[in-house]
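Dear colleague,

Please find the structure below, handed over for your own work. My notes on what was found in it follow directly after.

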Amino acid sequence: MSDGAGISGSGRAELASVVARGRRLVSVIDVAAALAVDRTAAAKKLARWADQGWFRRVRRGLYIPVPLEAERPGSWSEDPLLLADAVWEPCYFTGWTAASQWGLTEQIFRSTVLKTGGRVRVACERLLDHEYLLGHISQQEMVWGMRPIWRGERRVRMADPARTVIDILDSPALGGGIRHGAEILEAYLEESDWQTLVEYGDRLGNRAVFKRLGYLLEAAELGHIKLVAECQQRISKGISLLDPGAPASGPRVSRWRLRANVVVTRQGAS
């Protein structure tokens, strides 16, 4: 691939017509509409422009313009949050991505975690040079527990600290497993109120969240007796796994109607 290879006058005019639309992502359909050509011709033009370094291919039929100021167009990459927001809109970022944003963890993860109201075909996907962990959620569930953050000149939605914790208790894999989730919970409780956790847990509607929350408070010796009592009032019948991503073995904890398939201590170590 050449880095911003030369282009003919007519080709430059066509490229300008496409880019002038101001779209963050450009599809074959966009090019076909802008240039009044069929999809086959549009696809060939996009592929050629990508070879010349004017675009980078995000996924089949979808490209992103490379900024003119990019020193190395062939290796240039978009901000992972901005790219995800453009591809999976409507979406919001949660799990360890949000935990890092709010200072609830010091661990560094390679993947970006998000939930989208769109269709999710695979749980893990790679775009450009970025890895993503995806989950589906209804758009109605994206109206609470969010904060807008700026990435350059664009705002994206991030789970607020309490929603981050609740999302991880709902699906521990989003936080790197229940042990790391316990550390994120501890960091949250050091500076934030526990009442919001109860409110959000009720909104989410998954009673296993309260089982895991109550169990972690006691197992990791985090205190908060009133919160433990609130969790006890909300647990459901049946046995849930403490960490659905771990083997379904370990002792049953009747108090929390959980199978403790992962050992958790205050430091999150086994």
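Ser27 is buried, with a relative accessible area of 17%, where buried means under 20% relative accessible area, exposed over 50% and partly exposed in between (1.4 Å probe, protein chains only). Ser27 is found in strand 1, and once its neighbours within four places in sequence are left aside, Ser27 is in contact with Leu46, Gly61 and Leu62, contact being heavy atoms within 4.5 Å.

Before going further, please keep in mind that this is a predicted model, in which local features need pLDDT of at least 70 and side-chain atom pairs count only at pLDDT 80 or more, while totals for chains, interfaces and linings use all residues. Residues are numbered from 1 along each chain as its sequence is written, and side-chain values use heavy atoms, with hydrogens and water left out.

The protein chain has 10 helices and 12 strands, these being DSSP runs numbered from the N terminus (helices H or I, at least four residues; strands E, at least two). Of its 270 residues, 49% count as buried, and the C-alpha trace spans about 75 × 35 × 30 Å along its principal axes. Among contacts between residues at least 6 apart in sequence, 57% join residues at least 24 apart.

Strand 1 is joined to strand 3 (residues 62-65) by 2 bridges, and the bridge partner of Val26 in strand 3 is Tyr63.

Strand 5 (residues 111-116) is mostly covered, with 6 of its 6 residues buried. Ser111, Val113 and Lys115 point one way from strand 5, and Thr112, Leu114 and Thr116 the other way. Strand 5 pairs with strand 4 (residues 91-93) in the antiparallel sense over 3 bridges, whereas 6 bridges join strand 5 to strand 7 (residues 130-136), and these two run parallel. Cys91 has Thr116 as its bridge partner in strand 5, while Thr112 stands opposite Tyr132 in strand 7.

A search of the whole structure finds 0 disulfides. Cys91 is buried, with a relative accessible area of 1%, and Cys231 also counts as buried, at 0%.

Finally, helix 9 (residues 208-219) is mostly covered, with 10 of its 12 residues buried. Helix 7 (residues 178-191) packs against helix 9 at an angle of about 75 degrees, with their axes 11 Å apart. That makes the two helices roughly perpendicular, on a scale where angles under 35 degrees count as roughly parallel, over 145 as roughly antiparallel, 65 to 115 as roughly perpendicular and the rest as oblique. Ile178, Ala182, Leu185 and Leu189 in helix 7 meet Arg212, Leu213, Leu216 and Leu217 in helix 9.

With kind regards

Conventions
A disulfide is a pair of cysteine sulfur atoms within 2.5 Å. Two strands pair if DSSP finds at least two bridges between them. Axes are lines fitted to C-alpha atoms, for helices over the stretch in contact, and angles run from 0 to 180 degrees between N-to-C directions.
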